[in-house]
Amino acid sequence: MVWYHFHIVSPVSIIANVILWIPLTVALISGLLTAVLEASGYRSGTGRDRCANGHCSRSLGSSNRWRPSMAYFWLPSPPGWLVFTFYAGIACVAFLKPETYRKPVVLTSTVAWIAIAWMLAIRTPPSDRFVATFIDVGHGTSVLLQFPNGESWLYDAGRLGDAAFARWPIEAVLWSEGLRRLNGIVISHADADHYNAIPGLLERFSVDRIVGSHELFANTEPGMVELQIALASRNVPVDKIAAGETMLSMPDVRVEVLHPTTQHLIGKDNANSIVLKIDCFGHSLLLPGDLENPGTGILLAQSQPIAGGVLMAPHHGSLSQDIYPILRWSRPAAVVASGGERAIDPRVITGLSETGADAYITARDGTVRVQFDASGFHIRTWNHDPW
């Protein structure tokens, strides 16, 4: 049940429960006696002083921070029906006669169940499609990219405000896809709503590398410093990319970097956002981060992508940016805005569809999934057509 609900498997807990049941029983009884004595007027001054001075809380805090390596690991949940069959099987074995058969049957079936659950939890994505999932994180960005060769990447991972609120929906999507490892995370630029969920994700998922611009970690904001510390503590390498490079290449799919160059553009970090163009199965997906001028002008001077593809609206579809030039340049059939409640403004929707493209907004439609394959691309939204 812990594995199913919390995605955590802790083999050491089986041993720990056997070892600790006696001291835990003593502690529970002692706590009950303490409550009874306190109610009867008895006071233990020494104990109260120790806790008042903070020693009790420090001791408990120290024990909570103790994390033996290999004591637990994170894993996608097994299917619900398999969990039900496990407990149903245990209930049936309770009536097994003679009783001497119960233990070997339980042990054998449990091992077999764990093996099956493990295989079903770790799934291999289909090799005949490319899937981009725009996760509903509120005002922020996180796009899961699943390639035909089995690689899984994130383009950004963050949202405005508390990082935990960004991490939770991203985790939910990753777990639902049977992922426990990411081949990489691309950080478009150094705004917290594009990266602040990464330290939390590193605690639960294996990440092969982080990819950013040549100046990404020149930013000394506290959030970036925290991210660098988290990456260093887990030995996650950082790669740098620039315009003109091919990030990934495989049959039917090619990922190119359109922006920025190695030279810094004067202005906000947004002007230096990493822009990825993913050509897949005869269509294009454009991910521009929070691109704004002068970066937008440099992008629009380049060759146009394949018409009729999908564009992620820059800057979350913000009304403060004129999206029409990039719409006219990219000529998309669909535009996805990864934004919060402000993105539901009718003016935003009108702007996104100004060139005739279908508009999708995560705050309104929920997580948006775009599947590219030999037949074209297909879009589903969690709120209207869940998968």
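Two strands count as paired if DSSP finds at least two bridges between them, and the strands themselves are DSSP runs of E with at least two residues, as helices are runs of H or I with at least four, both numbered from the N terminus. With that in mind, Ala-132 has Leu-145 in β4 as its bridge partner, and β3 (residues 130–134) pairs with β4 (residues 140–146) in the antiparallel sense over 4 bridges.

The model is predicted, so local features need pLDDT of at least 70 and side-chain atom pairs count only at pLDDT 80 or more, while totals for chains, interfaces and linings use all residues. Residues are numbered from 1 along each chain as its sequence is written, and side-chain values use heavy atoms, with hydrogens and water left out.

Turning to the sheet, its 8 strands are open and mixed in pairing, in the order β10-β9-β7-β5-β4-β3-β18-β19. At the edges stand β10 (238–240) and β19 (376–381), each with a single partner strand, so one side of each has no neighbour in the sheet.

Now the aromatic rings, where a pair (Phe, Tyr or the six-membered ring of Trp) needs centres within 6.5 Å, and planes under 30 degrees apart are stacked, over 60 edge-to-face and the rest tilted. There are 7 such pairs in the structure; Phe-86 and Tyr-87 have centres 5.2 Å apart and planes at 85 degrees, so this pair is edge-to-face. Phe-372 and Phe-377 make a tilted pair, with 5.6 Å from centre to centre and 45 degrees between the planes, and these two residues belong to one aromatic cluster together with Phe-130 and Phe-147.
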